[in-house]
Structure formats: C-alpha cells, structure tokens
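Here is a short report for a reader who is new to this model.

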Amino acid sequence: MPNPNRVTEKLFQSPSKYIQGPSAIHNAPKYLSSFGVAPLLLCDDFVYGIAGEGLMAALEVAKFKVTRGIFGGEASKDEIVRLGALGKDKLVDFIIALGGGKTIDSAKAIADDLGLKVAVLPTTASTDAPCSAGSVLYQPNGKFENYRFYSNNPSIVLVDTSIVVQAPSRFLASGIGDALATNLEAKAARNSPNFGGGLPTEAAVAIGAKCEEILFKYGRQAVEANRAKAVTPAFEAVVEANTLLSGLGFESGGLAAAHAIHNGLTAIDNHTLHAKMHGEKVAFSTICQLILDSAPTSEMDRYISLMASVGLPTTLADLGIGNATDEELRRVAALACAPNETIWNMDRVITEEIVFNAIKGADVAGKDHKVRTGSVGFL
Ligand SMILES: NC(=O)c1ccc[n+]([C@@H]2O[C@H](COP(=O)([O-])OP(=O)(O)OC[C@H]3O[C@@H](n4cnc5c(N)ncnc54)[C@H](O)[C@@H]3O)[C@@H](O)[C@H]2O)c1
Ligand SMILES: [Zn+2]
C-alpha cells in the first residue's frame with residue numbers, strides 16, 4: 001500500500017545572509033540598518049564586556065535606539081518571558097543576539113514571541129545554534145525542557161572571528177565535536193524528513209560532506225591557532241564549518257543517533273557530565289553513531305584520532321561517567337529511543353538493547369584507541 005503521508009519533496013532552509021571575518025562586528029550597523037531602528041541587544045554581562053559595549057556604542061553612533069537586555073545564562077521560558085516583556089515595553093523593533101548558544105536560542109524565542117526579526121552575532125563557534133530555526137530550551141535549573149521550532153531562520157548571522165578567537169579553545173573544540181556529527185547523522189538520516197519537513201537536497205548532502213572535510217583538514221590546526229589567539233585561514237575555515245556548514249547541514253540534512261544519545265545522557269545525574277559542553281557530549285555520541293553504522297575500525301580510528309587531537313571526550317570516563325552501571329546506560333539508551341527522537345530517522349533496525357550495546361562498544365573503542373596511541377587526552 002502506498003503511504004499517503006510519505007514526504008516526496010525536498011526542502012532546504014537557511015538564514016538570508018551569513019557574514020564572517022575579522023572585525024566584522026564593525027560593519028554590524030550597515031547590515032542591520034534594514035531591520036529597524038530600535039533593537040533589543042541580548043547578551044550576558046561577560047559578553048557585554050568583551051563585545052557588547054563596543055557594539056552598543058557603534059549602533060548608537062549609527063542612530064539606533066538600543067535597549068540592553070541582560071541575559072541571565074539559561075535559555076528558559078522564564079527568561080524568555082522576562083526579556084520579551086522588556087522588549088515589548090521599550091517598543092523594540094528587532095532583536096540582536098550576542099553570545100553563545102543559550103543567548104542565541106533565547107533571542108530566537110523572544111523574536112518569535114514578539115513577531116520580530118532576529119540578528120545573530122555569535123561570540124563562540126561552539127554550536128549549531130546561530131543558523132538554525134530552532135531553540136533548545138531548559139528549566140531554570142538547567143534540565144532539558146523542550147525544542148521549539150520557528151517558521152523562519154535568523155535573518156542574518158554575523159561572525160566576528162577576532163572576537164571568537166578570544167574564547168578558550170575548548171569552545172572551538174566543542175563546536176568541532178558538534179560539527180563532526182553532522183555528516184554522519186545526515187548520511188544515516190538520508191531518507192527521512194529533515195527539520196523543515198522535507199527530504200534533504202543535494203546541497204544539504206554536499207554541505208555536510210564539506211563540513212567534515214574541513215574538520216579533518218584543519219580541525220587540529222584551528223584549535224592550535226585558537227590557543228595562540230591567531231585568526232588564520234584554518235581557524236576561519238573551522239569557524240565556518242562549525243557555524244554555517246554544520247548549522248545548515250544538520251537542519252536540512254537531519255539528525256540521527258548521535259544527538260539522540262546526547263539527549264539520552266541527561267538520564268544520568270552526574271555533575272561532571274552535565275558540566276561538559278554540548279559538542280563534547282556529542283563527540284562521544286558520534287562514536288556510538290559510528291558503531292551503529294557498522295563503521296570499520298580504520299574509519300572509527302580516523303574520527304577518534306581527530307577528536308582526541310583537539311581534546312574531545314572519547315570514552316565514558318572522559319565524560320566523567322566511567323563508573324556508570326549497565327542499569328544507568330540502559331536508561332540513557334531508553335531516553336535516546338524516546339518516540340520523538342531523531343534516532344528513528346535511521347534506516348537500520350533500532351532497539352534500546354542495540355543502543356545500549358552501541359554505547360558500550362563506543363566506550364571500548366575509545367579506550368582501545370587510547371591504549372594503542374598512548375594518549376591520555378587533555379580535557
Ligand atoms: N538551536 C540549536 O539549533 C542548537 C544547536 C546546538 C546547541 N544548542 C544549544 O546551545 C547551548 C550551548 O551553547 P554554548 O556552548 O555556546 O554555551 P553557552 O551559551 O551556555 O555559553 C557558555 C558561556 O560562554 C561565555 N562566552 C560567550 N562568548 C565568549 C567568548 N568569546 N569568550 C569567552 N566566553 C564566552 C558565555 O558568557 C557563557 O557563560 C546549549 O543550550 C545547546 O542546547 C542549540
Ligand atoms: Zn548539536
């Protein structure tokens with residue numbers, strides 16, 4: 001019987017404009033002039049100090065009437081309602097997100113609530129948040145709450161690499177962990193609808209592959225450049241891979257097991273684990289994805305070597321849960337297999353038992369790699 005619900009059309013979505021370069025923030029007034037005259041500038045106190053103050057001054061010179069919204073640190077409903085009320089009260093006509101993934105996710109939600117456009121100015125290259133039409137929301141205590149999807153992507157994403165290079169290299173490495181999952185998950189989810197509800201286009205497939213190519217070519221070199229605070233061509237390439245290519249690649253390509261297992265890890269209550277960055281948890285989960293993909297050892301080694309070379313976790317112990325019991329890992333697998341999870345985008349047979357075994361298989365693959373290379377990691 002033909003399935004009447006089967007999606008047949010392809011769909012690709014993206015921000016309207018992406019700008020990246022050293023000192024790009026100086027051109028923000030020019031790029032933002034078509035959006036309105038009274039932005040709500042959302043950033044936390046730390047980011048205000050390193051970039052917000054300068055941006056605010058430049059916008060005021062260009063005659064924008066800027067309202068500063070001080071982001072409290074969690075992408076929670078409470079925070080979104082509080083800052084949305086501020087924006088409404090001050091009659092703002094567009095939103096600017098300046099900061100990391102949580103600031104960006106909150107700004108997207110505020111813009112959607114107020115029916116306004118959002119301009120995203122990431123100050124780290126640590127996640128896929130800048131380009132996507134979605135937010136990951138949390139409870140004020142940091143527990144995952146829900147995903148929220150929007151009909152539009154951010155209108156503009158502007159990345160100033162002179163600011164991003166000032167961030168600790170752990171942020172760039174974490175972005176590499178997140179971006180390394182993109183191509184593998186898109187390949188595993190090739191025949192399932194993407195986040196826009198259509199099938200992946202050839203462009204999305206090519207973007208995922210290009211993203212991965214750049215990470216293997218320049219990932220380690222970029223992290224070293226970041227440590228030296230040097231904006232080099234390798235650094236620029238990896239910032240683009242982490243931010244633009246991975247963002248477009250995951251949203252229009254699709255996610256699979258790696259992000260589902262990342263979400264499943266919240267089933268374990270462990271402080272060290274939860275202090276890990278998004279991309280660090282995704283890195284280990286990507287090894288699980290490789291196991292489920294039946295990747296040969298040589299292929300596993302290629303990914304694990306890159307992860308290890310930039311300090312990403314490759315074992316459960318690296319994540320702080322080396323002593324996790326089978327019962328705990330089964331809870332991770334169960335959560336990764338929740339009905340709405342992206343793991344179901346995969347073509348292969350998936351059960352909680354298969355995922356539990358993949359987690360154990362990934363852990364021993366990471367351990368085996370450490371023994372063979374004598375590496376101890378430096379996280
Ligand atoms: N919406 C999406 O598509 C998507 C995709 C992936 C991840 N995410 C979300 O992104 C969030 C993680 O984002 P994150 O890793 O950027 O962390 P984050 O937003 O929590 O930021 C971490 C810290 O970095 C600081 N910071 C920002 N810029 C800095 C700089 N240049 N130098 C030094 N410190 C700086 C901030 O002040 C903050 O304290 C998670 O909530 C995750 O769920 C969203
Ligand atoms: Zn991610």
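In this predicted model, strand β2 spans residues 39-43. Five of its five residues are buried, so β2 is largely enclosed by the rest of the structure. A residue is called buried here because 20 or more other C-beta atoms lie within 10 Å of its own.

The side chains of β2 point two ways. P39, L41 and C43 point one way from the strand. L40 and L42 point the other way. Both groups are buried.

**Partners of β2**

Which strands pair with β2? One partner is β4, and another is β3.

| β4 | 94-99 | parallel | four | I96 |

Helix α2 covers residues 45-61. Together, β2, α2 and β3 make a β-α-β unit. What is its hand? The unit is right-handed.

**A residue in helix α3**

K77 lies in helix α3, which runs over residues 77-89. Is K77 buried or partly exposed? K77 has 17 C-beta neighbours inside 10 Å, so it counts as partly exposed. The cut-off for buried is 20 or more. A129 is 52 residues away from K77 along the chain. The C-alpha atoms of K77 and A129 are separated by 17 Å.

**Two domains**

The domain assignment divides the chain into domain 1, residues 17-164, and domain 2, residues 169-373. How far apart are the C-alpha centres of domain 1 and domain 2? They lie 26 Å apart.

The two domains also touch. On one side are 22 residues of domain 1, and on the other are 25 residues of domain 2. Which elements of domain 1 give two or more residues to the side that touches domain 2? They are β1 (17-21), β7 (144-149) and α5 (161-164). Helix α5 gives the most, with three residues.

What kinds of residue make up that side of domain 1? Eleven are nonpolar, ten are polar and one is charged.

Note on methods:
Residues are numbered from 1 along each chain as its sequence is written. Chains are lettered from A and ligands numbered from 1 in the order in which they are written. This is a predicted model: local features need pLDDT of at least 70, side-chain atom pairs count only at pLDDT 80 or more; totals for chains, interfaces and linings use all residues. A residue is buried if 20 or more other C-beta atoms lie within 10 Å of its own, exposed if 12 or fewer, and partly exposed in between; C-beta atoms are placed from the backbone. Two strands pair if DSSP finds at least two bridges between them. A crossover is right-handed if, with the strands pointing away from the viewer, the path from the first strand over the helix to the second runs clockwise. Domain bounds come from an automatic or database domain assignment. Two residues are in contact if their C-beta atoms, placed from the backbone, lie within 7 Å. Ala, Val, Leu, Ile, Met, Phe, Trp, Tyr, Cys and Pro count as nonpolar, Asp, Glu, Lys and Arg as charged, and the others, Gly among them, as polar.
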